[in-house]
Each structure stands twice: as structure tokens, then as C-alpha cells.
Amino acid sequence: MDGREERSAPGRYRSDLRNVIGSSASAYGYTLTVWSTASVLTHAYGLPSPPEVFSFFLGAVAGFAAVGTLAFGGVTAEFGEESRKVRLWGSFRFLSVALAVGAAWFLSSHVSSMPGWPLGSFVATVCYFGAVGAENAVAGAGADR
């Protein structure tokens, strides 16, 4: 993009849109994962009671903590901006969301309701973030070439 296009209204819009898409990619995929997982579990178990809702989000928090601890080597690690490019197609999240929701669906057919709510969100969270790491590694390797 040349400087003139970047300063034009359509150029600024595209630039801002790229920033929003890039910074939202993981949250977008995790939103799809959580909504879809809760829907699959609701289909399997019926509407959750308040304790089951709390167990669902506690399972997701535990899954996030487990993956984060594995990734950073502990809970006191710091993180921030890392300049690493990833190709856009690596952020579509087809595989990561499908794997996460599929794992929760499989679990819901083998586990009863009360352990199923926290386990379903735990498994979906671990699968999603684990797969996103792999998707980003593959897409980043393609961007490095």
C-alpha cells in the first residue's frame, strides 16, 4: 500500500479493519468455542442450573489456567506484545473450534450432567487453545517464508 492510499479514508478504514481482525482472532474463536460448547452440553443435559453454570465457567477457567501454566512454565510469568506475523487464514479457527466442540460433544455422550458441565468447558478450552497454538505455528511458519 502506498502512503496516499493509507491516508485516504478507505485506506485508513482497511488499516483499522486489519488491526481489529488481527487483534480479535483468538477471542473470536474462543467465543465460538464457548457458545457452541454450551449449546452442545445444553442439548445433551438440558438447561443448566445455577451451580452447573458456575461449574461450567470454573471448568473453562481451570482449562485456561492449565494451558497458560504449560505455555509459560508457571503462573507468575509475564507476557505482552510479541511481534510475530501469522497469515490471515491461520486465524479462521475451523480446526480449533471444531476440535474443541467435538471433544465436548463426545464427552457429553459419556459423562453425566454435573461432572459434564465443568469437564466439557475444561476439555473445550484446552483443545481450543492447544489447537490455536498449532494453527498459529503453521500459519506463522508460512508467513516467515
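Guide: Buried means under 20% relative accessible area, exposed means over 50%, and partly exposed lies in between (1.4 Å probe, protein chains only). This is a predicted model, so local features need pLDDT of at least 70 and side-chain atom pairs pLDDT 80 or more, while totals for chains, interfaces and linings use all residues. Residues are numbered from 1 along each chain as its sequence is written, and side-chain values use heavy atoms, without hydrogens or water.

Visitor: How far apart are the end C-alpha atoms of α4?

Guide: Helices (H or I, at least four residues) and strands (E, at least two) are DSSP runs numbered from the N terminus. The expected span is 1.5 Å times one less than the number of residues. For the 15 residues of α4 that predicts 21 Å, and the model agrees: its end C-alpha atoms are separated by 21 Å.

Visitor: What arc do the buried residues of α4 cover around the axis?

Guide: The buried residues are Ser-96, Val-97, Ala-100, Val-101, Ala-103, Ala-104, Leu-107 and Ser-108. They sit on the same side of α4, because the arc they cover is only 150 degrees. That arc is taken from the directions from the helix axis to the C-beta atoms. An α-helix has 3.6 residues a turn, so residues three or four places apart point the same way. The arc asked for is 150 degrees.

Visitor: Which residues are exposed on the other side of α4?

Guide: The buried side of α4 includes Val-97 and Ala-100. The other side carries the exposed residues Phe-94, Leu-95, Trp-105 and Phe-106.

Visitor: Which residues does Thr-37 touch, apart from residues up to four places away in sequence?

Guide: Thr-37 is in helix α2. Its relative accessible area is 1%, so Thr-37 is buried. Contact means heavy atoms within 4.5 Å. By that test Thr-37 touches Phe-56, Ala-100, Val-101, Ala-104, Gly-120, Ser-121 and Ala-124.

Visitor: How are the rings of Tyr-30 and Tyr-128 arranged: stacked, edge-to-face or tilted?

Guide: Rings of Phe, Tyr and Trp (its six-membered ring) pair if their centres lie within 6.5 Å; planes under 30 degrees apart are stacked, over 60 edge-to-face, and the rest tilted. The whole structure has 9 aromatic pairs. For Tyr-30 and Tyr-128, the centres are 5.6 Å apart and the planes make 40 degrees, so the pair is tilted.

Visitor: How many residues apart in sequence are the parts that Tyr-30 and Tyr-128 tie together?

Guide: Both Tyr-30 and Tyr-128 are buried. Tyr-30 lies in helix α2 and Tyr-128 in helix α5, so the pair bridges a sequence separation of 98 residues.

Visitor: Is Phe-129 buried, partly exposed or exposed?

Guide: Tyr-128 and Phe-129 pair edge-to-face, at 5.0 Å between centres and 75 degrees between planes. Tyr-128 has 0% relative accessibility and so is buried. Phe-129 has a relative accessible area of 21%, so Phe-129 is partly exposed.

Visitor: What is the phi of Arg-93?

Guide: Arg-93 sits in the loop between α3 (50-72) and α4 (94-108). Arg-93 is buried, because its relative accessible area is 3%. Its phi is positive although the residue is not glycine: near 70 degrees.
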